[in-house]
Amino acid sequence: MNAPHRTGGKPPSSAAAIRNPNGLDQPHVAASAEPGGLARNHEPEINLAILPRTPPAAVLRGATDFGQRQQGRSLACAVPLRDDDDSARRQLLAELYAETSVAERSPVARGLRAFFTDVAEQAVLFRQVARRFPDAGRDGSVRLRLDRVDDGMCRAFHTDCYRMRMICTYHGAGTEWTPNANVKRAEMYSLPPEDRLHDAELRYQLQTGWLAILKGEHFHEGAHRSEGAMGNEAIVHRSPTAVPGQWRLILRVDCD
């Protein structure tokens, strides 16, 4: 897949789109070369944190293998916040094999190991970000899902009802998003999907393998609520257009 780009056939309608076709220079986006930079999504002015990366070939081969095995099925599990990181990784790896009905020492497991290890690593990374919420309970958890998607789910630009979500597309086209200034925010959900943006062509796309943490509508609940200073809005995004015969494999890790 090519690098993330401004989709659509019209010329760019903003200077930012011309300067950086990936949208990484938008003022509400934090792009980092280090995993720790994803925690910047806790900052009031940021609602999308991105870690550009190219996973190793073994990870992508394992993801393709997993997606081919999981047709019509999703894998979901909880990742506790209370465990230390090493324990959480080991527990999650065991659960991924179990949920896929694959013995950890089998030949099939060897093909999936790099992929499952990468998934576990990203879930633990997201746990570290989620723990920064002042009211993150020691007995709480984050929710992990792996979905093979064969259609264009969530095609309308929208926001989601969670505090934060990590997303990574391991196979297929990545999630699309649009800049804050392009959204008719106050009236968005009273408008038809095609009218929610000022410029329907101004949208960007995450590259396969990139990590992103999206801010949701519930970010400011609980101890993160600040009277009179609600901070930035949730990121507006959507799934890419479905292409017949192609599918996507998506990791989501959510924090309520």
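In β8, the bridge partner of M166 is I213.

I note that this is a predicted model, in which local features need pLDDT of at least 70 and side-chain atom pairs count only at pLDDT 80 or more, while totals for chains, interfaces and linings use all residues. Residues are numbered from 1 along each chain as its sequence is written, and side-chain values use heavy atoms, with hydrogens and water left out.

I then turned to the strands (DSSP E runs of at least two residues, numbered from the N terminus; helices are H or I runs of at least four). Strand β5 (residues 164-171) runs antiparallel to β10 (residues 248-255), and 7 bridges join them. With β8, β5 pairs in the antiparallel sense over 4 bridges; pairing requires that DSSP find at least two bridges between two strands.

I recorded the order of the open sheet of 7 strands as β1-β2-β8-β5-β10-β4-β3, with mixed pairing. β1 (29-31) and β3 (74-80) each have a single partner strand and stand at the edges, so one side of each has no neighbour in the sheet. From one strand to the next, the twist averages 15°.

I checked the cover of β5 and found 7 of its 8 residues buried, that is, under 20% relative accessible area with a 1.4 Å probe, protein chains only (exposed is over 50%, partly exposed in between).

I next examined the helices. Helix α4 (residues 107-130) lies across β3, β4, β5, β8 (211-215) and β10, and runs at about 165° to β5. Helix α3 (residues 85-99) lies across β3 and β4 (141-149), at about 160° to β3. Angles run from 0 to 180 degrees between N-to-C directions, with axes fitted to C-alpha atoms, for helices over the stretch in contact, where contact means heavy atoms within 4.5 Å.
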